[in-house]
Amino acid sequence: MTKVLYEKSRGLTDTPLTYCPGCSHGIIHKLVAESLVELGLLENTITVASVGCSVLAYDFFNCDGIQAAHGRAPAVAVGIKRTNPDKIVFTYQGDGDLASIGTAEIIHAAHRGDNITVIFVNNAIYGMTGGQMAPTTLVGQKTSTSPLGRMENLQGRPLLVSEMLSTIPSATYIERTSVHDVPHIRKAKKAIKKAFQNQAENKGFSLVEVLAACPIGWGQTPVDAAKFVADEMASYYPLGLYKDEGVAK
């Protein structure tokens, strides 16, 4: 008799992932799917896909899903949650989507303390549209629109989303994680699971930021890209818990 030691989460569909080799989205999708299944929330969940590399996320998660306009995923998620308060609603957003065109939406969702979960993937670049500089691109990092590297005197310093949102009184849970190696993948899953549990317990707004690799956009091998996340990104974007005030409302 064959013993199954590992299998794909039923929280994911059989649709092949469209992400580039070495991209972190596949890992993060896996963690989200496993968390929803383990919490018994999958069948009651609705995902809101952003614009960017994750634009087809609703094809990959085995739950109901909807596409939002660029940056507007939190606003769409709030509308769904308020009309369907019994549902688990989460957005899956990249840094170009959430930290640029969508800054107003994410700030006000946090400010209102809306009971939604946000998975924020920070790979410091616009991956889908050609590798342009993003609000999260590191100082000195070269992109297709900053061939000399991001310059602090011209473009300012990268936006610290978790630090910013943690100052908002109505935000409940903010944590920054990474998936560059196995120990950090395990920590990221724990944070994602907690964010969904918070929503199930009606504790309010939760966001998990995940530092991610974009080997193609960065012009690196997957191994070098993982090292860049560990050495460079985590240096500017410190990992850890930024806020946890989970009290049922």
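**Buried and exposed charges**

D114 has a relative accessibility of 8% and therefore counts as buried, where buried means under 20% relative accessible area, exposed means over 50%, and partly exposed lies in between (1.4 Å probe, protein chains only). The model is a predicted one, in which local features need pLDDT of at least 70 and side-chain atom pairs count only at pLDDT 80 or more, while totals for chains, interfaces and linings use all residues. Residues are numbered from 1 along each chain as its sequence is written, and side-chain values use heavy atoms, with hydrogens and water left out.

**Salt bridges**

- Side chains of opposite charge can pair when their charged atoms come close.
- The count of salt bridges is 15, a salt bridge being a side-chain nitrogen of Lys or Arg within 4 Å of a carboxyl oxygen of Asp or Glu.
- D114 forms a salt bridge with R82, at 3.0 Å from N to O.
- This pair links distant parts of the chain, 32 residues apart: D114 is in the loop between α5 (103-112) and β4, and R82 is in helix α3 (residues 73-83).
- Helices (H or I, at least four residues) and strands (E, at least two) are DSSP runs, numbered from the N terminus.
- R82 is exposed, because its relative accessible area is 56%.
- K189 and E38 are joined by a salt bridge of 2.6 Å, N to O, between their side chains.
- Here too the pair links distant parts of the chain, with K189 in helix α8 and E38 in helix α1, 151 residues apart.
- K189 counts as buried because its relative accessibility is 19%, whereas E38 counts as partly exposed at 45%.
- K227 and D231 meet through their side chains in a salt bridge of 2.5 Å, N to O.
- Both K227 and D231 belong to helix α10 (residues 222-236), where they are four residues apart, about one turn of the helix.
- K227 has a relative accessibility of 52% and so counts as exposed, while D231, at 40%, counts as partly exposed.
- One network, joined by salt bridges that share partners, contains K30, E34, E38, K189 and K193.

**Nonpolar cores**

- In soluble globular proteins, nonpolar side chains tend to be buried together.
- The largest nonpolar core has 28 residues, and those touching the most other members are I28, V32, L36, F61, F90 and F196.
- A nonpolar core is a set of buried Ala, Val, Leu, Ile, Met, Phe, Trp, Tyr and Cys residues joined through side-chain atoms within 4.5 Å.
- A second, separate core has 23 residues, including A68, V78, V89 and F205.
- Apart from its neighbours within four places in sequence, F90 is in contact (heavy atoms within 4.5 Å) with residues including V32, L36, F61, T117 and F196.

**The surroundings of T117**

- T117 is located in strand β4, and T117 is buried because its relative accessible area is 0%.
- A polar atom of the T117 side chain lies 3.3 Å from the backbone oxygen of A195.
- Beyond its neighbours within four places in sequence, T117 contacts V89, F90, T91, A195, F196, Q199 and S206.

**Positive phi angles**

- A124 is not a glycine, yet its phi is positive, near 65°.
- A124 is in the loop between β4 and α6, and A124 counts as buried because its relative accessibility is 0%.
- N202, also not a glycine, has a positive phi of about 60°.
- N202 is placed in the loop between α8 and β6, and N202 is partly exposed because its relative accessible area is 35%.

**A nonpolar surface patch**

- L148, M151 and L154 make up a nonpolar patch on the surface, and together they have about 330 Å² of accessible area.
- Patches are made of residues with over 30% relative accessible area and no salt bridge: like charges are joined within 9 Å, and nonpolar side chains (Val, Leu, Ile, Met, Phe, Trp, Tyr) within 5 Å.
- Accessible areas come from the Shrake-Rupley method with a 1.4 Å probe, and for residues only the protein chains shown count as cover.
- L154 is part of helix α6 (residues 152-155), and L154 counts as exposed because its relative accessibility is 61%.

Methods:
A polar contact is a pair of N or O atoms within 3.5 Å; within protein, one must be able to donate a hydrogen and the other to accept it, and residues adjacent in sequence count only if both atoms are side-chain atoms.
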